[in-house]
Amino acid sequence: MNPTPEHYDAIVIGVGGVGSAATYRLAARGLDVLGLERFDVPHTRGSSHGSTRIVRLTQPEDPSYVPLARAAFEHWRDLEDETGRDLLTITGSVHAAEPDSAFLDSARASLDAHGIDHEELSGTEVRRGPSLH
Ligand SMILES: Cc1cc2nc3c(=O)[nH]c(=O)nc-3n(C[C@H](O)[C@H](O)[C@H](O)COP(=O)(O)OP(=O)(O)OC[C@H]3O[C@@H](n4cnc5c(N)ncnc54)[C@H](O)[C@@H]3O)c2cc1C
């Protein structure tokens with residue numbers, strides 16, 4: 001057996017959160033993958049370090065991220081099945097913006113385009129707390 005093959009189908013440089021997911025998915029498709037990481041896998045010096053991250057469906061940056069976020073949720077559930085661990089907690093979220101701001105317009109357009117349930121509240125309503133209906 002050659003311990004250092006000269007050919008790989010894919011080489012992933014940086015095995016943090018994104019690189020490890022890419023490595024895992026490529027290997028799951030049967031590709032011969034090499035992951036190169038300058039520290040250990042995992043380690044505490046990358047931007048993926050820590051115990052929690054947010055993945056959100058509200059995507060004012062670009063509505064095309066919404067299907068990607070939905071696919072990510074499915075993949076997290078797959079990973080839960082494979083590992084037997086609770087990894088994804090679905091919650092609502094509150095996003096604050098100035099009325100008539102570009103952020104709000106863009107977030108609204110993205111939510112509407114993808115049929116995502118949401119509610120618009122004024123500052124007064126937010127300060128009053130959750131409505132009971
Ligand atoms: C404090 C904090 C909070 C965040 N919160 C969120 C959040 O809630 N939701 C969200 O979506 N995003 C969040 N982000 C951003 C998110 O963490 C990053 O977008 C994501 O984790 C990046 O993953 P990554 O794999 O690209 O980077 P990293 O996890 O940093 O992985 C990059 C890897 O590449 C390795 N590397 C770099 N150079 C080389 C080299 N030359 N050779 C070999 N290996 C190399 C590094 O060691 C590292 O392991 C947050 C970021 C920070 C810092």
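A polar contact is a pair of N or O atoms within 3.5 Å; within protein, one must be able to donate a hydrogen and the other to accept it, and residues adjacent in sequence count only if both atoms are side-chain atoms. Keep that in mind for the ligand below.

This is a predicted model, where local features need pLDDT of at least 70, side-chain atom pairs count only at pLDDT 80 or more, and totals for chains, interfaces and linings use all residues. Residues are numbered from 1 along each chain as its sequence is written, and side-chain values use heavy atoms, with hydrogens and water left out.

## The ligand

| Residue | Atom on the protein side | Distance to a ligand oxygen |
|---|---|---|
| Valine 18 | backbone N or O | 2.8 Å |
| Histidine 43 | polar side-chain atom | 2.6 Å |
| Serine 48 | polar side-chain atom | 2.5 Å |

Taken alone, the ligand exposes 1,000 Å², and the protein buries 51% of that. Such areas come from the Shrake-Rupley method with a 1.4 Å probe; for residues, only the protein chains shown count as cover.

Who lines the shell? Helices (H or I, at least four residues) and strands (E, at least two) are DSSP runs, numbered from the N terminus.

## Two domains

The domain assignment, automatic or from a database, gives domain 1 (9-48) and domain 2 (52-133). Their C-alpha centres lie 27 Å apart. The domains bury about 320 Å² between them, 28% of it on carbon and sulfur atoms. In domain 1, Tyr24, Arg25 and Ser47 lose the most area to domain 2, together 89% of what that side buries. Buried area is the accessible area (1.4 Å probe) that two parts lose on being put together, summed over both.

## Backbone exceptions

Most residues other than glycine have a negative phi, and most peptide bonds are trans. The bond from valine 41 to proline 42 is cis, with omega near -5°. Proline 42 sits in the loop between strand E2 (33-36) and helix H2 (65-83). Aspartate 100 has a positive phi, near 65°. Its loop runs between H2 and helix H3 (102-113).
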